[in-house]
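Here are some notes for a colleague opening this entry for the first time. Please read them alongside the sequence and the coordinates.

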Amino acid sequence: MKELCVIGSGNMGKAIVKGILKAGLLETSQVIVTDINEEKVKRIEKELSISGSCDNQKAAAESHIVILAVKPQFYKGIIKSIQNVIKPETIIVSIAPGETLEKLKRGFKEGAKIIRAMPNTPAMVLEGMTALCGNSNVTKIEMEHIKKLFNGFGRVEEVPEYMMNSVVGISGSSPAYVCLLIEAMADAAVKEGMNRQQAYTFSEQAVMGSAKLLLETGMSPSELKDMVCSPGGTSIEAVSVLEEKGFRGSVIKAVEACVKKSMEL
Ligand SMILES: NC(=O)C1=CN([C@@H]2O[C@H](COP(=O)(O)OP(=O)(O)OC[C@H]3O[C@@H](n4cnc5c(N)ncnc54)[C@H](OP(=O)(O)O)[C@@H]3O)[C@@H](O)[C@H]2O)C=CC1
Ligand SMILES: O=C(O)[C@@H]1CCC=N1
């Protein structure tokens with residue numbers, strides 16, 4: 001038996017396995033990863049020294065925890081192929097938006113232990129943020145066990161299921177819009193004559209450092225903004241242009257659109 005089977009070795013599947021191994025939470029011999037693409041399986045086997053397979057059913061049958069890390073459109077087919085081999089004590093973890101506990105439950109046998117998770121790509125560098133919620137068949141101890149694994153590659157918060165779509169908006173999808181901000185600031189510096197690489201370094205470090213400062217001090221974003229904006233200084237000039245252009249309103253609308261899409265999936 002393996003402790004963990006991850007179905008789908010793409011961006012998230014690989015990030016999750018890498019994080020758990022890096023944190024030393026599981027041995028390489030306790031993990032199996034599958035993919036539809038044999039080349040990808042070979043690559044991840046070699047890179048992480050773990051077992052790989054193209055046989056989802058066999059891998060799921062012999063694992064205590066099964067994480068579904070494929071795009072939502074492949075869920076139906078994969079669940080159909082593994083539903084009969086999932087043991088009553090197996091914990092199934094889904095990371096797709098739109099796959100509700102109710103929808104997932106219909107795919108598995110009565111009593112199945114199902115957890116919904118919403119991680120994000122910074123998991124690749126152990127700085128992920130994951131929201132978790134489980135169905136009533138998952139015990140407290142089992143939830144703690146899954147939390148600990150996801151803690152291996154970042155922070156974890158348990159949330160009620162109705163918050164999962166909001167988590168997609170603020171966390172799962174947000175690296176995409178944070179990157180737009182980083183890219184735009186770098187573009188501005190390039191426009192001023194800075195070389196591209198240096199512009200990315202300044203921009204990335206400013207975003208990372210600001211987030212770290214807030215996380216480590218407990219300061220609110222408005223407090224840090226006020227601290228940076230000297231009276232009659234440079235920062236308030238930038239803030240006032242962003243307000244004029246509807247920066248915050250645009251971000252709120254963007255997150256709302258993301259949450260809405262997640263609800264529709
Ligand atoms: N990327 C992100 O930022 C986040 C993604 N998610 C969710 O995580 C899930 C995975 O996303 P992501 O990792 O980005 O997707 P990827 O496409 O990078 O990875 C999925 C992998 O699964 C493979 N696959 C497809 N069908 C099967 C199958 N039948 N059996 C086994 N493997 C299969 C894909 O192969 P092929 O490429 O050949 O189709 C691919 O290698 C999605 O549901 C997504 O919504 C959640 C949070 C963040
Ligand atoms: O864009 C998506 O659908 C996925 C879900 C969260 C991040 N990426």
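Predicted model: local features only at pLDDT ≥ 70, side-chain atom pairs only at ≥ 80, totals over all residues.

The points below go from the overall fold to the annotated region and then to the two ligands.

1. The C-alpha trace of the protein spans about 65 × 40 × 30 Å along its principal axes.

2. Secondary structure. Twelve helices and eight strands make up the secondary structure of the protein.

3. The protein has 265 residues, and 32% of them count as buried. Among contacts in the protein with a separation of 6 or more, 63% are between residues 24 or more positions apart.

4. Annotated region. An unreviewed UniProt entry lists residues 161-265 as "domain: Pyrroline-5-carboxylate reductase dimerisation". In the model, this stretch of the chain is 82% helix and 0% strand. The C-alpha atoms at the ends of residues 161-265 are 15 Å apart.

5. Ligand 1. The shell around ligand 1 holds 27 residues, and the closest are Gly8, Gly10, Asn11, Met12 and Ala96. Which helix gives the most to this shell? Helix α1, residues 11-22, does, with three residues. By class, the shell around ligand 1 has 13 nonpolar, eleven polar and three charged residues.

6. Ligand 2. The residues surrounding ligand 2 are Pro97, Val168, Gly172 and Ser173. Two residues of the shell around ligand 2 are nonpolar and two are polar, with no charged residues. Val168, Gly172 and Ser173 lie within the annotated range, residues 161-265.

Conventions
Residues numbered from 1 in each chain as written. Chains lettered and ligands numbered in written order. UniProt positions renumbered as here; feature names shortened; annotations may be inferred. Helix = DSSP H or I, 4+ residues; strand = E, 2+ residues; numbered from the N terminus. Near = placed C-beta within 6 Å. Nonpolar A, V, L, I, M, F, W, Y, C, P; charged D, E, K, R; others polar. Buried ≥ 20, exposed ≤ 12 C-beta atoms within 10 Å, placed from the backbone. Contact = placed C-beta atoms within 7 Å.
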